[in-house]
Amino acid sequence: MIVDTQNFMKFSDEFEARFTEMLTHYPTRRSALVPTLLYAQDEVGALTDEVIAELAQRLDLTELEVRNVISYYSMLTTKPRGKYNVQVCTNIACMLRGGEELLDHCKKKLGIGHKGTTEDGLFSLEEVECIGACSWAPAAQVNYDFHENLTNAKMDELLDEYKKKGTQ
Amino acid sequence: MPDVTLTVDGKKITAPAGSLLIEACKSVGIEVPSFCYYPGLSLQGACRMCVVKIEKMPKLQTACTTTVTEGMIVATDSDEVRQARKAMVELLLGNHPLDCPVCDAGGECELQDMAFSYGAPESKYTEAKNHREEQQWSPVVYFDRPRCILCYRCVRVCGEGMDVWALGVQNRGVSSIIAPNQNDHLDCEECGMCIDICPVGALTSGAYRYKTRPWEMNHVGTICTHCGDGCKTTLGVRCCDAGAEIVRGDNRDKSGINNDFLCIKGRYAFDFAHHKDRLTEPLIRKNGKLTPATWEEAFELIGKRFREVRDHDGGSAIGVVGSNRTTNEENYLLSKFARAVLKTNNVDHHRTADFPALAAALHGKPGKTASMRDALNAPAILLIGNDPTNQHPLLAWQIRTNVRLRRAKLYVINAAPIKLRRQASGSALVPAGAEAKAVAFLGGDDSLLDALVDSQVAGGLTREAWIALRERIRGEQNMVIAFGSELRGHDIERLVSFASTLTGAKLICLGDYANSRGASEMGLYPDLLPGYEPVARADRFQKEWGKLPRETGLSLPEMVEAAKAGKLKALYVVGSNPVGRLKVDPFVLSKSFVVVQDMFLTETATIADVVLPAANAYEKTGTYTNTCGDLQLVKKAGEISNTKPDFEMIVRIADAMGCDVSGLVPFGSGTHSDMGQTRGAQSGEADRHAVWLEAHNLEPKMTPFDPMAILDEIQRVVAGYDVSRVNLLAGNDQHLEIAESGASLIQQPELIDPANDDLFSSGTLGRYSKTLNSVFENKSAESEVAAD
């Protein structure tokens, strides 16, 4: 028996438009998996079981295959993150310029560790490898925004700003 | 393709252009080690063990992904190469536990071999090993994560080979792991291919784990006793209190028609032999209750009663029901015993396919049946009816492999959307029961097209599509046509005449049990003698067997009717369960003297007057003919004391009836010496001595219980069975020409009752197999996975 083809979930029109367009980029359907996962994650917040089942069906893949890909990429997650995902780089250039201290500062300030999420669901923290901002080390990425030449003070300001934005 | 010439380790070799370097090396006996490379599966290039030095290439190259080119100069064993492999082994051992002394794979582990060949005695790694307790993924599959070396063979054989896609790789780099499809367990066909193909002990078998070591078993390559495909399974046997215990089934001996393949039944379902309900003493009904008795008592009683009935009421008052799981020798002997000693033609068995109709339709058309090997090599396959994935797993494997590796064209005509349609280049859903109409349409009868174009069937074809499909099928050459029991009688005749219009088409008739074909060919029919010879023309057999009854006997339903009318005084049931399987009313038989030979107290045995505990096919020697007509040797592996093979029981009953058994079994014609090959420590191991004896015409055949003695007669008397005995004894399969009976046969298609066993059921054997039952219970609601 083939799995019932009823839709498990609804995405936004914007997602559907992007998805339809994405399929035209590749000779095989499965190739559209990685960008589709990223869009779905941005929209839903995490790649939940429902999302996985839905995308597997759309792309003629097994759920296992979708999970294999998700587990390969560290920017894809199956568990919901905070509204702002703070990714602090501690790769070599950032490390030499105080990246690790910056991360420790964030841990203390937010009261969470690597891959943790604050209780109010506002912030997640992650230690990441090079994000390509070596010239402006130490650097951090919050969702899709880059913040460079950071110091503890600057980081505090930044987090406060996000907190204000997030609780408005 | 033209050959290219290259130099490997200073040796000039030639290999077909396009072949892989690792295979080219292997062909001349140079071993290049590898873990991830496996012939027939996609290339992975993951383990880096097969690195070799190729001149003019800057770095070491992997021999498993490099194709040979003209003038290539390769070194496979230089210091540089050895150093690289040593480093690879060190990396692999970085997280591998040192638990070889308790690991199932110890002694037959490829990593162990490599560590001996290349490994460093010390490792530079001081990091703690990343441990994780072993996990049970299904009743039969266990996974020990730290032992895994990430060769991905299991992932590929499950996906590409089995089309199941239940295993995957998660995470990345050093933290990569093999993962099952249901988070913490597997939902799959439970074939165990992943266990067999695992080069280390990461995937282990639930049936075998921690039981014994490979070198403590004898390994007997014999034929699986479940479905009709005839896979060779290697049984690991150990001494036990009851005789010899089978501890493992696997595919160590890859010489069979199944090559790498085994399904769950061949691999795990040998455990019925040691079920606690197994009968180990004869039972005689005394005061209405089945009571343990001695063999002598039982045989004496049966002999006396059979003789009385025969002499008093005539042979026609005796019925004989044979088995689909006994050997050819036993079936032939039973057929002979019934006719020559019991003087009856009331012989039948559980019919699961219409082999006689195929024999009749192929009269005068030699070379028209396909072997199981043909299904792997044919450029095209037409499958009508049946669901091989469930009922003929090897055929399904052959077809999938053929489509994958040789781009064979598969056409599927079926009433259900069977899984093999995923490999099909043309498939048609027909309304239930309309397979025969499809055959007539293929043969050119366009009037049936309307019946096939049923708009109610989702996935059905339009008129135009049907005609286009027929054109494509008609254009195929050397096609193998496999058909299930949906086609019977005249439908088979129609299919054969259609096949005769195609160039080189060959047929496979799909029957359900291990020796259904053999039961048919050995004449377990009321109207047919061995080789489909009609009883009315029994002259040839009369010369061999003595005076025979000439009138057609009773079929099984007719025997039941006769019993109802009080005319069937005795019924002799060998390895069959007509009450349980064919819905025969047990009360009908209450007035007849019923003798049952079986392993268990089946529904039929419970109403018997005498029950004899039988040995199963894993506990005796003989031959099986698979559903395609491939003859193979069955070798004795296990043993349960105080059970007897059906062969011996038939002979002993004949003896107890006062019959001269030397007329029944031509024994004692060989050299009188026991070479010790049939028992003891050497039993079953590649029987070199037997091969030698046969080659010198010195087979012992000392007793009337030696099935090889009757094999002589079968080979002499039964048309088609005259194949090389040396080949047979060496364990090779040989395709038989289906016997030419040439008679217009009695067509009784309604008597065919397909077993419809699936991957997890196997008639009576399945009911008593703990493994099959545990898997069955474990199955969640099945859902098919997406094709890749």
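Reply: In helix 13 of chain B, the buried residues are Glu435(B), Ala436(B), Ala438(B), Val439(B), Ala440(B), Phe441(B) and Leu442(B). Buried means that 20 or more other C-beta atoms lie within 10 Å of a residue's own; 12 or fewer makes it exposed, in between is partly exposed, and C-beta atoms are placed from the backbone. Helices are DSSP runs of H or I with at least four residues, strands are E runs of at least two, and both are numbered from the N terminus. One thing to keep in mind: this is a predicted model, where local features need pLDDT of at least 70, side-chain atom pairs count only at pLDDT 80 or more, and totals for chains, interfaces and linings use all residues. Residues are numbered from 1 along each chain as its sequence is written, while chains are lettered from A and ligands numbered from 1 in the order in which they are written.

Me: How many residues of helix 13 of chain B are buried, and what do they pack against?

Reply: Seven of its eight, so the helix is mostly covered. Those buried residues pack against strand 18 (380-384), strand 19 (409-414), helix 14 (449-452), helix 15 (463-474) and helix 16 (490-500) of chain B. Just past the helix, Gly444(B) has a positive phi of about 115°.

Me: Why does Val439(B) count as buried?

Reply: Val439(B) counts as buried because it has 27 C-beta neighbours inside 10 Å. It sits in helix 13 (residues 435-442) of chain B. Leaving out residues up to four places away in sequence, Val439(B) touches Ile384(B), Leu487(B), Asp491(B), Arg494(B), Leu495(B) and Phe498(B). Contact here means C-beta atoms, placed from the backbone, within 7 Å. Leu487(B) is 48 residues from Val439(B) along the chain, with 8.9 Å between their C-alpha atoms.

Me: Okay, now helix packing. What describes two packed helices?

Reply: The angle between their axes and the distance between the axes. Axes are lines fitted to C-alpha atoms, for helices over the stretch in contact, and angles run from 0 to 180 degrees between N-to-C directions. Take helix 8 (residues 328-341) and helix 22 (residues 646-656) of chain B: their axes are 9 Å apart, at an angle of about 15°. That makes helix 8 of chain B roughly parallel to helix 22 of chain B. The cut-offs are under 35 degrees for roughly parallel, over 145 for roughly antiparallel, 65 to 115 for roughly perpendicular, and oblique for the rest.

Me: Which hand does the crossing of helix 8 of chain B with helix 22 of chain B have?

Reply: Left-handed. That's when the near helix is turned anticlockwise from the far one by less than a right angle; clockwise is right-handed.

Me: And what about helix 3 and helix 4 of chain A?

Reply: The axes of helix 3 (residues 49-58) of chain A and helix 4 (residues 63-72) of chain A come within 8 Å and cross at roughly 115°. So helix 3 of chain A is roughly perpendicular to helix 4 of chain A. Their crossing is right-handed. Helix 3 of chain A contributes Ile52(A), Ala53(A), Leu55(A) and Ala56(A) to the contact, and helix 4 of chain A contributes Glu63(A), Val66(A) and Arg67(A).

Me: Last one: what is the mean pLDDT of chain A?

Reply: pLDDT is the predictor's confidence in each residue, from 0 to 100. For chain A the mean is 92, and 95% of its residues reach 70 or more. Over residues 1-5 of chain A, though, pLDDT stays under 50.

Terms used
Contact = placed C-beta atoms within 7 Å.
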